[in-house]
Amino acid sequence: MLEDRAPAVSSATRWPTAYPQGYAVVDVETTGLARHDRIISAAVYRLDARGEVEDHWYTLVNPERDPGPVWIHGLTSEVLEGAPLFADIAEEFAARLDGRVLVAHNAVFDWQMIAREYARAERQAPVRQRLCTIALSKELGLPLPNHKLESLAAHFGVVQQRAHHALDDARVLAEAFRPSLRAAAAGGVRLPLLECRSLTEWSDAPVPRQSSPGYGGYRAGSWRPSRKKPVCPYPNPGRYEDGKPLKQGMRVAFSGDTSTERELLEDRATECGLHVASSISRLTSLLVTNDPDSGTSKVVKARQFGTPVVDEAAFGQLLRDVEPADE
């Protein structure tokens, strides 16, 4: 584990009183992207209310299984063998998150990996809100060619030293987040904060330790019991209109891969009063897809019916303010 401290630097920027009082910039490296994958390293940069670094921390984590794509993160089974288990670092990790907004690039992924690890340890991470720097860059209208961390870093002149190393990725993000935060404060931009919900239902099927070379061959855990989608109690108010909020009762369909687990994304939509549809029809209010140019049947039908399409990030923003249904 590694820790360092840096002096805070004051800013003359007039600061919005509604902004959070502190942030935890987080990056985790994992054995993969699926729900049964594990964290193998984690880094946290704690920032004050204005984005100045207070300290940083880094640890390896023994996943008790194949480390996954070593060619990406560089962490082999031999390197991780003597590392602490997640349960051993859970308390210290929590102390660095406590009372702060979790900040990450594609924050929903980092949050879900963290939430699952705490669920396995039969604990809950003390995180109530997260902020995705992809969403913030969109709010600021930054002229980025894409939403990769390297593009955000290049925009602010931050030099990456070791990509896909949790500590360096967290450092880069912290350095890019500071000017983003100040730009938001100067422009009176509302930060795109989203709620973090800890997992309270899970069952972890045993995943064997590495017994053969390579990556794969591991059985996924079953995190949630299968259940029928609840009936939406609200009438369908019609199609979503660009620039306007979603309204309870709207029929929403999903197509393609999502960074948020599909079940959790559907649950969130249902909790907001939306009707989650399994197919596209003329009554569908909105299609959510990260690949609108794909040839999936849902995308093709959405084009035929003129169904509005938004990506996952935009949908996440829309879920923050869903209008109640007409009485």
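Student: Which residues is Tyr-19 in contact with, leaving aside neighbours within four places in sequence?

Tutor: Contact means heavy atoms within 4.5 Å. By that rule, Tyr-19 is in contact with Leu-181, Ala-184, Ala-185, Val-189 and Leu-191. This is a predicted model, in which local features need pLDDT of at least 70 and side-chain atom pairs pLDDT 80 or more, while totals for chains, interfaces and linings use all residues. Residues are numbered from 1 along each chain as its sequence is written, and side-chain values use heavy atoms, without hydrogens and water.

Student: How many residues does the largest nonpolar core have?

Tutor: A nonpolar core is a set of buried Ala, Val, Leu, Ile, Met, Phe, Trp, Tyr and Cys residues joined through side-chain atoms within 4.5 Å. Buried means under 20% relative accessible area, exposed over 50%, and partly exposed in between, with a 1.4 Å probe and protein chains only. Here the largest core has 33 residues, and Tyr-19, Tyr-23, Phe-177 and Leu-191 have the most contacts inside it. Helix 7 gives the largest share, eleven residues. A second, separate core of 29 residues includes Cys-132.

Student: How many disulfides are found in the whole structure?

Tutor: A disulfide is a covalent bond between the sulfur atoms of two cysteines. The search takes pairs of cysteine sulfur atoms within 2.5 Å, and it finds zero. Cys-196 counts as buried because its relative accessibility is 7%.

Student: Is Arg-178 buried or exposed?

Tutor: Arg-178 counts as buried because its relative accessibility is 18%. The side chain of Arg-178 reaches the backbone oxygen of Gly-51 at 3.1 Å.

Key: A polar contact is a pair of N or O atoms within 3.5 Å; within protein, one must be able to donate a hydrogen and the other to accept it, and residues adjacent in sequence count only if both atoms are side-chain atoms. Helices (H or I, at least four residues) and strands (E, at least two) are DSSP runs, numbered from the N terminus.
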